[in-house]
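Q: I have a model open here and want to go through it with you. Can we start with the strands?

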Amino acid sequence: MRTARALLLGLTLTAALPLCAQAAHTHLFDEPSYRWSDRAPYTCTVTLTCLNAGCTAYPQTRDCTVTVKRIAPTCTSDGAEIYTASFQLDGGTLTNPMVKSVPIPKTGHTFTRDSTTKATPEQDGMIVEQCNCGSENIQTIPSPKTVKLSRTAYSYNDRAKKPAVTVADRTGARIPASNYTVSYPKYGYIVGTHAVSVKFRGSSYSGALSTSFTVAPRSTEWRGLSARSRGFTARWLRRQTQVSGYQISYSTNKNFSGAKAKKYTKTTTTSATVTGLSRKRTYYVRIRTYKTVTETGKSKTYYSSWTPVRKIKTR
């Protein structure tokens, strides 16, 4: 009995081959032809062809034995499943030199928090995360910098003032309200400047910031304006609460350039006469209230908004 050689992956296999069915010869095989399936579960077939003329035993197609080797992916590198096909022929093993390789995508890092340094108004914070592979991820927590109020100026009306608060970090990004508490002043409705305090809490921030809003006295209303010889008389509505007095401003220009002003320091005063003006000249007049308070040991005056401007022509 003669032998035939089959080559695979650089290895030589010698197998005893049977006689062909229609001729007194041994099989002389061509190179095996392998075919992998296109999708999992992956299979492979091999087709054997005898080169001897008149051989009726071949070609034959057989199923191969498929083995798989798995290379696990890592955080940064792809893995793979490598499929190898082989078959038995006359007591010998032939292996497909063309393996089937199916990539397995890299897993990417899975970080867990290792430590946190809280951000304060003075400096940034930091979150350090670790992956099982040893890689480290550091995230900066920008320091909180600004506190904005939905409203910063009010007029007195005997009701508590609690403007909405928005806090942002140094990049301008809004900090969620769950990271801080807000404290409003107890007497934040009276005339003056009032602080709003923000105290940080939670795992990412610490420290405090503050801002303020003002409450001005309530404005008055016109009750009349009449002309006099070289002057005029103004009448207004009395304001008693959170008011120290009144101020009249008048000018010959409707934009009040070069305006003159007079103060009246009694809240009971509801009219005033201004004299010594030019005859038959038109004057523009407006009135407001004021309140003088003591803050941090110093006297400060707050003014209401002006009444609508009225004009009068002197006699």
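Q: How many bridges join β19 to strand β20, and which way do they run?
A: Six bridges join β19 to β20 (residues 231–236), and the two run antiparallel. Strands here are DSSP runs of E, at least two residues, numbered from the N terminus. Two strands pair if DSSP finds at least two bridges between them. This is a predicted model: local features need pLDDT of at least 70, side-chain atom pairs count only at pLDDT 80 or more, and totals for chains, interfaces and linings use all residues. Residues are numbered from 1 along each chain as its sequence is written, and side-chain values use heavy atoms, with hydrogens and water left out.

Q: What stands opposite arginine 228?
A: Glycine 231 in β20.

Q: Which strands form the open sheet, and in what order?
A: Three strands, in the order β19-β20-β23, with antiparallel pairing. The edge strands, β19 (222–228) and β23 (271–274), each pair on one side only.

Q: Changing topic: how many disulfides?
A: Zero in the whole structure, taking a disulfide as a pair of cysteine sulfur atoms within 2.5 Å. For cysteine 44 the nearest cysteine sulfur is that of cysteine 64, 4.2 Å away.

Q: Is cysteine 44 buried or exposed?
A: Cysteine 44 counts as buried because its relative accessibility is 2%. Buried means under 20% relative accessible area, exposed over 50%, partly exposed in between (1.4 Å probe, protein chains only). Cysteine 64, at 11%, also counts as buried.

Q: What is phenylalanine 200 in contact with?
A: Leaving aside neighbours within four places in sequence, its contacts include Pro121, Val167, Tyr180 and Leu209. Contact means heavy atoms within 4.5 Å.

Key. Helix = DSSP H or I, 4+ residues; strand = E, 2+ residues; numbered from the N terminus.
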